[in-house]
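Please keep the sequence and the model in view while reading.

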Amino acid sequence: MFSRVTYISVIPISLESCNCDNFEDKSSFLHTLDAGSSAGDPGVSGRKRLAVLVPFRDRFEELLQFAPYMTEFLNRQKIPHRIFVLNQVDRFRFNRASLINVGFLYTKSLFDYIAMHDVDLLPINSNLSYGFPERGPFHVASPQLHPKYHYPTFVGGILLLRREHFEATRGMSNRYWGWGLEDDEFYTRILDAGLKVFRPENITTGTEDTFRHIHDRAHRKRDMAKCFNQREVTRKRDRETGLHTLKYDISSVNELQIDGARVTVLNIALQCDRTKTPWCDCDGGSEASKGSSSPKKH
């Protein structure tokens with residue numbers, strides 16, 4: 001079975017050297033929020049708006065499933081929302097945390113809270129709430145429910161944060177190029193900001209039937225390489241980088257529709273300071289360069 005993809009529009013916006021957080025009029029998003037009715041209706045305007053931030057690179061097959069599934073799931077909960085696919089288009093290694101930082105800056109003026117959401121994790125249990133996290137960060141994919149990760153400080157997969165709470169953490173670290181550990185570092189930022197992580201309660205399903213994990217490990221191999229002094233640096237609390245040090249360009253914004261689900265794609269080119277994080281490009285020599293403290297010359 002093939003999914004039908006319909007392009008609503010393509011917006012060729014020139015955004016060279018832009019690091020601003022509100023570089024265009026995004027008011028057009030308001031009347032296209034998904035929640036069963038338009039955001040201008042009285043029944044919707046008073047509800048909190050959710051920006052679903054999906055870090056992304058080369059996961060089109062998963063996106064075809066994710067967008068319509070999550071749109072229907074959130075519409076059933078009557079949550080005004082929009083899905084933002086944060087598509088990394090540069091040649092550096094994947095940086096999930098920096099992409100989420102970009103997505104937050106892009107959406108914060110119009111949305112009340114965000115969902116940091118993996119594209120390959122779909123909620124099955126309809127009692128998993130994506131509502132506004134009143135008390136504090138709400139970890140939907142809790143370690144008691146996630147199909148793979150069960151350690152108590154895990155906050156990956158799906159995490160909801162109010163706008164002001166994400167700003168209180170100063171955003172995520174920009175040092176994590178490649179796979180893993182950025183969520184663990186972010187957990188310490190949450191605690192340092194004086195916040196508490198809340199998780200679903202009274203969910204009767206378990207790790208096998210609360211979420212569907214659609215990641216194909218054989219086909220989509222994770223970038224586990226460690227090069228230069230990456231292993232040493234990324235296991236320490238980062239008190240230097242975050243929203244305030246983020247460097248990026250948004251080359252274009254595309255509006256897509258996938259089986260009726262509206263998706264906004266931000267094509268993002270991250271910038272890397274090789275003097276600080278040379279492991280943004282291991283250059284194919286990850287094993288040979290382990291332990292090296294200075295970047296290679298290119």
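**Strands, contacts and open space**

Strand β10 (residues 261-270) is mostly covered, since 9 of its 10 residues are buried. Here, buried means under 20% relative accessible area, exposed means over 50%, and partly exposed lies in between (1.4 Å probe, protein chains only). Helices (H or I, at least four residues) and strands (E, at least two) are DSSP runs, numbered from the N terminus. The model is predicted: local features need pLDDT of at least 70, side-chain atom pairs count only at pLDDT 80 or more, and totals for chains, interfaces and linings use all residues. Residues are numbered from 1 along each chain as its sequence is written, and side-chain values use heavy atoms, with hydrogens and water left out.

- Strand β2 (residues 50-56) is largely enclosed by the rest of the structure, because 7 of its 7 residues are buried.
- Both faces of β2 are covered: Leu50, Val52, Val54 and Phe56 are buried on one side, and Ala51, Leu53 and Pro55 are buried on the other.
- Two strands count as paired if DSSP finds at least two bridges between them.
- Strand β2 runs parallel to strand β3 (residues 81-88), and 7 bridges join the two.
- Within this pairing, proline 55 has leucine 86 of β3 as its bridge partner.
- From β2 the chain passes through helix α2 (residues 60-76) to β3, in a β-α-β crossover that is right-handed; this term applies if, with the strands pointing away from the viewer, the path from the first strand over the helix to the second runs clockwise.
- Strand β2 also runs parallel to strand β4 (residues 113-117), with 4 bridges joining them.
- In β4, tyrosine 113 is the bridge partner of leucine 50.

**Strand β10 and its partners**

- Strands β3 and β10 run parallel and are joined by 6 bridges.
- Glutamate 255 has threonine 264 of β10 as its bridge partner.
- The hairpin of β9 and β10 has 2 residues between the strands, and aspartate 259 in this hairpin takes a positive phi near 50°.

**A buried arginine**

- Arginine 82 is found in strand β3.
- Its relative accessible area is 2%, so arginine 82 counts as buried.
- The side chain of arginine 82 makes a polar contact with the side chain of glutamate 255 (2.5 Å).
- A polar contact is a pair of N or O atoms within 3.5 Å; within protein, one must be able to donate a hydrogen and the other to accept it, and residues adjacent in sequence count only if both atoms are side-chain atoms.

**Positive phi in loops**

- Aspartate 58, a residue other than glycine, has a positive phi near 55°.
- Aspartate 58 lies in the loop between β2 and α2, and it counts as exposed at 57% relative accessibility.
- Phenylalanine 228 is not a glycine either, yet it has a positive phi of about 55°.
- Phenylalanine 228 lies in the loop between β8 (211-213) and α6 (230-233), and it is buried, with a relative accessible area of 5%.

**Cavity and pockets**

- On a 1 Å grid over the protein atoms alone, a cavity is a set of points where a 1.4 Å probe fits but cannot get out, and a pocket is an open set with protein on both sides within 12 Å along at least five of seven lines; lining residues have an atom within 4 Å of a point.
- Grid points are joined across faces, edges and corners, and a volume is the space filled by probe spheres set on the points.
- The whole structure has 1 cavity of 30 Å³ or more, and the largest cavity holds about 50 Å³ of space.
- Residues lining the largest cavity include Tyr176, Trp177, Trp179 and Lys226.
- The largest pocket holds about 890 Å³ of space.
- Of the 33 residues that line the largest pocket, the closest to its centre are Arg59, Phe94, Arg96, Trp179 and Arg222.
- The second largest pocket has a volume of about 360 Å³.
- Of the 15 residues lining the second largest pocket, Asn174, Thr241, Thr245, Asp273 and Lys276 are the closest to its centre.
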